[in-house]
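This briefing concerns the strand arrangement, a packed helix and a surface patch. Please consult the sequence and structure shown below.

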Amino acid sequence: MVGVTGHDDPTVEIPTVSAGRATTTIAVLSVLALATLVLLAAAVTAVAPTTALAGPVASPLLVVVYGPLLLVLGLVVTVGAWLLQRSRRARRATTVVAVLATVATLVLAGAVGAVVVAALGAGGGVDPWRALVLSGPPSGAAPDERTVYTTTPEGQDLHLAVTRPRGAAGPAPVFVWVHGGGWATGSELDRAADMRRLADAGWLAVSVEYTLSRPGRPTWDAAGPQVACALARVAEQAAARGGDPRRIVLGGDSAGGQLAVSVGYRAAAGTQVSACPGPVPVPVPRAVATLYPAVDLADTHRRGEGAQQFAVAYTGGTPDQVPDRYRAVTGTDVLTPQAPPTLAIVPARDRLVPPEGATDFVEAARAVGVDAQQVDVPFADHAFDTGPDGSLGHQAAFSVLAAWAGEQVR
């Protein structure tokens, strides 16, 4: 009897064990299904950004910031779903989850891979680990000094943020950066981490402050001469800071890209005026390197989402009201064969500064003999590189920019 009872006891508990396993399976399946919904929303937004399933703020960042993390999540969910599918419990539901997770992961892998391929094809690089952990900026990113290069007639001191080269064997090439912000916001300190990284790579890195536009005070005729003045001051003082004034690259993003092109090209043509008092020559940069430059402001005003307020504040009117001013700040208006080699890194989905403007400019520059290059970044919107320092977008943009600039000053 004892033996029979001992034999019967396990059979009594089998339903309990089976019920526990079923509960665990359902719980795991629920988690995988929820994660799959997140992956599907990300994949749909990547393919069709106008859907914005992740919201207007997060949607443009899905691939260039969160893409690598979502890809890892997709791999985990896909493998987990297919392993769970081998169980007899809820096999049909598990198969659906596994298939959907696989499809979403493949879409995200294609998007992330396209950005990586674009960066590698243009001479840049991506560190997968930094892209996954979204690492922060290098330590000690603040500039070594912030000095006044001129004072405006209104009494505003304008500054240069200077980061000296480290480990340079001789006079270092000079990178002069003009910040973006729609000509109305931003600071010469915005890219302190990038300037530090350039300095660590052997550059004398200098970022320029210029007068920002405000209601009733357009700066289309002031900002360019100020940047020209800064360029001249940098050339004058480069040797004392370890730099080579004969090897200057002028760069900028968005509004700063427009100013870099305008000043660099007018300097090459000998027509750029300077805000510096006295006969200070404006040096011709060795090259001009830009991120999503607003080189066709009339086109940006016409088609850019939310760009009108910046364009009007900068010029003092619409293209119909002040056409001469728009022509004066448009890159194609200053094209000459003497213009320096130029790089335009262009996000393919730029809504603020539509990419067609930069593409038309690059084609026009090439037509007159300028060595102009355009690098398209797929699945990227305006300011795609301003996320975390280690993000996919930032690495792609900065590595391409630095590699190309380095080639120009060899």
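Trp 177 has Ser 207 in β4 as its bridge partner. The model discussed here is predicted. Strands β3 (residues 172-178) and β4 (residues 204-208) pair in the parallel sense, with five bridges between them.

**Sheet**
- Eight strands form an open sheet with mixed pairing, in the order β1-β2-β4-β3-β5-β6-β7-β8.
- At the edges are β1 (145-151) and β8 (372-377), each of which pairs on one side only.
- From one strand to the next, the twist averages 20°.

**Helix α5 and Arg 196**
- Helix α5 lies across β2 (157-163), β3 and β4, and runs at about 160° to β4.
- Arg 196 belongs to this helix, α5, which spans residues 192-200.
- Because its relative accessibility is 1%, Arg 196 counts as buried; the cut-off for buried is under 20%.
- When neighbours within four places in sequence are left aside, the contacts of Arg 196 include Pro 138, Ser 139, Gly 140, Ala 141, Ala 142, Pro 143 and Asp 144.
- Thr 163, Arg 164 and Arg 166 are also among the contacts of Arg 196.

**Surface patch and Val 99**
- Trp 82, Val 99 and Val 103 make a nonpolar surface patch of about 250 Å².
- Within this group, Val 99 is located in helix α3 (residues 91-121).
- Val 99 is partly exposed because its relative accessible area is 38%, a value that falls between the limits of 20% for buried and 50% for exposed.

Notes: Residues are numbered from 1 along each chain as its sequence is written. This is a predicted model: local features need pLDDT of at least 70, side-chain atom pairs count only at pLDDT 80 or more; totals for chains, interfaces and linings use all residues. Side-chain values use heavy atoms; hydrogens and water are left out. Helices (H or I, at least four residues) and strands (E, at least two) are DSSP runs, numbered from the N terminus. Buried means under 20% relative accessible area, exposed over 50%, partly exposed in between (1.4 Å probe, protein chains only). Contact means heavy atoms within 4.5 Å. Two strands pair if DSSP finds at least two bridges between them. Axes are lines fitted to C-alpha atoms, for helices over the stretch in contact, and angles run from 0 to 180 degrees between N-to-C directions. Patches are made of residues with over 30% relative accessible area and no salt bridge: like charges are joined within 9 Å, nonpolar side chains (Val, Leu, Ile, Met, Phe, Trp, Tyr) within 5 Å. Accessible areas come from the Shrake-Rupley method with a 1.4 Å probe; for residues, only the protein chains shown count as cover. A salt bridge is a side-chain nitrogen of Lys or Arg within 4 Å of a carboxyl oxygen of Asp or Glu.
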